[in-house]
Amino acid sequence: MSVLPLVFTSGWASGINAYAVVLLLGFFGATGLSDDVPETLQRPEVLIVAGVLFLCEAVADKIPYVDSVWDSVHTVVRPLAGAWVGALLAGQSGSLNDVVAGLVGGSTALASHTVKAGTRMAVNTSPEPFSNIVLSFAEDLGVAGIVSFAMFHPLAAAIVAAVLLAGGLVVLVFLVSRIRRFWRRRAQRREERRLAAHPGRPPG
């Protein structure tokens with residue numbers, strides 16, 4: 001079977017938590033549960049670095065506004081990780097061109113990252129911090145479950161990932177207006193505070 005479904009699923013998951021994807025794939029390969037994982041992802045130094053960064057993300061991802069800053073930094077990291085993992089999987093399988101796999105993994109990761117970052121911005125419009133924690137745990141569990149499922153049922157997992165991605169993009173469209181209203185209100189409050197502190201200055 002072509003490795004394309006696994007590339008797609010790993011790309012989707014990389015856009016949410018790239019370090020978890022590397023850890024999971026490395027674990028499945030190192031324990032012999034799967035022969036589809038390239039040796040590069042099984043190397044101890046790769047797993048150690050991914051593990052440390054995963055712990056950093058696990059903390060940053062649950063703190064309001066810090067999560068959005070983290071997402072901004074990873075706008076480049078996650079798509080590159082998705083492309084890298086996809087190319088490695090294609091090279092291991094030999095059933096798909098490395099460049100094509102990299103494009104599929106990278107573009108899918110960018111799309112799911114966009115959904116995640118936009119959703120987090122919308123969640124941060126709420127004053128309570130608990131929704132960030134719940135959403136972060138849900139994302140981590142979703143990535144772990146679907147990537148694990150993909151190792152044994154790649155096509156079915158790819159279909160689930162595609163449905164989640166499409167649904168996330170639809171939800172994001174509806175959240176955009178909420179995000180814009182929030183930033184407009186925030187800018188207005190800053191302007192009001194500035195005018196209150198310097199009443200003689202003209203607005204703008």
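Contact here means heavy atoms within 4.5 Å. Good morning. The structure is a predicted model, in which local features need pLDDT of at least 70, side-chain atom pairs count only at pLDDT 80 or more, and totals for chains, interfaces and linings use all residues. Residues are numbered from 1 along each chain as its sequence is written, and side-chain values use heavy atoms, with hydrogens and water left out.

I begin with tryptophan 12. Leaving aside residues up to four places away in sequence, tryptophan 12 touches Thr108, Ala109, Ser112, Gly142, Ile146, Ala161, Leu164 and Leu165.

Next, the packing of two helices (DSSP runs of H or I, at least four residues, numbered from the N terminus). The axes of H3 and H4 lie 7 Å apart, at an angle of about 155°; axes are lines fitted to C-alpha atoms over the stretch in contact, and angles run from 0 to 180 degrees between N-to-C directions. H3 and H4 are therefore roughly antiparallel, a term for angles over 145 degrees.

Is leucine 135 buried, partly exposed or exposed? Its relative accessibility is 22%, so leucine 135 counts as partly exposed; buried means under 20% relative accessible area, exposed over 50%, and partly exposed in between, with a 1.4 Å probe and protein chains only. Beyond residues up to four places away in sequence, leucine 135 touches Thr119, Arg120 and Val123. Between leucine 135 and tryptophan 84 there are 51 residues of sequence separation and 26 Å in space, C-alpha to C-alpha.

Note on methods
Parallel < 35°, antiparallel > 145°, perpendicular 65-115°, else oblique.
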